[in-house]
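Subject: Structure handover

Hello,

Here is the structure for you to look through. My notes on what turned up in it follow below.

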Amino acid sequence: MSVSYRPVMWNRNKLIYDAVLVLGVAVYLLAFFQLAPLWIDHTSSTTPNIVRMRAFGSCAILMLTLILCIGPLARLDRRFLPLLYNRRHFGVLCFIVALTHAREVAAFYHGFSPTDPWVSILGTNTAYGSFLGFPFEILGLTALVILFVMAVTSHDFWLSFLTPRVWKALHMGVYLAYGAAVMHVVLGAMQGDRGIAFAVVVALCFGLVIGLHVAAGRREWAKDRAGAAAPTDDAPWVQAGRVADVPVDRGIVVPLAGGERVAIFRYGDKLSALSNLCAHQNGPLGEGRIVDGCVTCPWHGFQYRPEDGCSPPPFTEKVPTYRLKLDGDRILLDPRALPAGTPVDPVHVPESV
Amino acid sequence: MADKSTGTEGRGSRNAFFVGYLKMPRALGLFLSYAVPMIAAAALGAGLVMATTQPDPGAGRYQGPATTLTGIIEMEPHPVLYTVPDDDHPQGRALALTRFGKNGVVPQAAPLAGQFVDVTGVYLIRDEFAMFELRRTGIVAAEAPPDAFALPEPEDLGEFTLSGEIVDSKCCLGSMRPGVGKPHMACAQLCLIGGVPAMFQIMDEAGEETLLLLADAEGRDVSSQILDYVSLGVEMTGQVERRGPMLVFRIDPETIRVL
């Protein structure tokens, strides 16, 4: 969290994260350039420019696959949440690797000609009506442009400027980028006599992303069904669970009929309810913890006081709050959200409950 | 903002709570010290599969040093030098011509069409196939050799329907390794647009490769009509004719079918 914008708010975990990323890319490229040739028995060497295209291109598609796996993986097993923490740097590095691939292609395949490389990329192959002949370069360029937009707007300044809702929607473009990148490979490199092993790797990457998202989606759907707020005779109050369901210093997530989700936290002998959406990146507050008396988002550690949904000074983030009351051991929730930052008296849990 | 020095520990890695700006809970750090290398190893393994299954690019290469050949240039469908026979090549050679970059030699060769010329450059050679890339002085008029020599008379070998890949001869013969296939499509199209001779690469059942110079039904340059089919597996019908050591495939672009 920060009250001012800095290029990067470095901390130990971010430094380790970035060091592992850079080391991983370096090892990958080194293996591609130096290790793989030891297993290859070819008539002569592949042109170095083409090897570089393949190395950076394959690295980018694998990185994008991993980036997209982190989200559902963290939903299925929260121990992977630290991988989510600095995922933006992963995305920026992925863009740089993809850009290097594109520069190699533009300089080599689209260079050495009177035609400008950009004109060539956009205009040489125009067989858009053909499947096998489709200009796959345009798919790669689409993915690259999306990754570029995401990379340059990855800073929290843009998150604040665009609002989390717009920023999030913009960054969901990563799925379009991945689809374009996969089709770029399928209609490009995969048509180039690369053999069944290459196709299997690409299919496994795509299958992994789809499989993890389906698994995480099914789990969310089941949790929503199990934890959905039930109507009561005392409208508009809805039943949001039982006190015993809420572990101390943790929260539960209560889905409402309109699709919103409410996070109910227990801290000491008190219960409070906030919107489940963190004001930073819409992270799931209800899956966070109480740290230093504040609800702490599991994604990036943004904090809010449970009584009023405000970040403690000097921070200024706010989330909507909700009214709670108890009926025996049942927690009743007023599903009408109060304006962000509205103080609400916490509900005291009697010792008998 | 939190003054705790670490995220909340809980019991075991499953209960540990990570807060990015606090110290990593020990149990979670231990879990990640196993999990992250495993994920990285899987990605590295996938990359190595992709790296080690790269196709054999073939033996195409430039062969120097620059040398000067004497012969007659025929312009249609593409500039081809028919060299004067010598001891090494009693039948003479037929060498399609190109120059640096994705460029043909029509501007340089046209004024000397049908004449004896000296051509300076280097070979592009792959297996038994060769072409010639101009260097420095390029093409200059030469005196006729003492022995009679003329362009070979075309010999019609009949109509054929052949399947294979339309390639730019320069990359196909080793200017790029590999210089064929879909990933190389735009490069091949640029080469053909630039005037590099278009050829048709076919394989027989035994894997023996043949390269045929492509022309339209009248024997002229057909490149502009076949650009959409370059680098794809295609089948097409036309007349095959032999011009000395060179095979020319005179096609009707309307017969091209993507396989």
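Arg243(B) and Glu241(B) are both buried. Buried means under 20% relative accessible area, exposed means over 50%, and partly exposed is in between (1.4 Å probe, protein chains only). The two residues form a salt bridge, with their closest N and O atoms 2.7 Å apart. A salt bridge here is a side-chain nitrogen of Lys or Arg within 4 Å of a carboxyl oxygen of Asp or Glu. By this rule there are 24 salt bridges over all chains.

Before going on, note that this is a predicted model: local features need pLDDT of at least 70, side-chain atom pairs count only at pLDDT 80 or more, and totals for chains, interfaces and linings use all residues. Residues are numbered from 1 along each chain as its sequence is written, chains are lettered from A and ligands numbered from 1 in the order in which they are written, and side-chain values use heavy atoms, leaving out hydrogens and water.

Back to salt bridges, now in chain A. Asp77(A) pairs with Arg79(A), with the closest N and O atoms 2.9 Å apart. Both Asp77(A) and Arg79(A) are buried. Arg242(A) and Asp329(A) also meet in a salt bridge (2.8 Å, N to O). Arg242(A) lies in strand 2 (residues 238–242) of chain A and Asp329(A) in the loop between strand 10 and strand 11 of chain A, so the pair ties together parts 87 residues apart in sequence. Strands (E, at least two residues) are DSSP runs, numbered from the N terminus. Arg242(A) is partly exposed, at 37% relative accessibility. Asp329(A) is partly exposed too, at 34%.

Next, the sheet. Four strands of chain A form an open sheet in the order 1-2-11-10, with antiparallel pairing. Its edge strands are strand 1 (230–231) and strand 10 (324–327) of chain A; each pairs on one side only. Two strands pair if DSSP finds at least two bridges between them. Strand 10 and strand 11 (residues 330–333) of chain A have 4 bridges. Lys325(A) stands opposite Leu332(A) in strand 11 of chain A.

How many residues of strand 4 (residues 261–267) of chain A are buried? The count is 6 of the 7, so strand 4 of chain A is largely enclosed by the rest of the structure. Strand 4 of chain A pairs in the antiparallel sense with strand 3 (residues 250–255) of chain A over 6 bridges. Strand 4 of chain A also pairs with strand 5 (residues 270–275) of chain A, again antiparallel, over 6 bridges.

Best wishes
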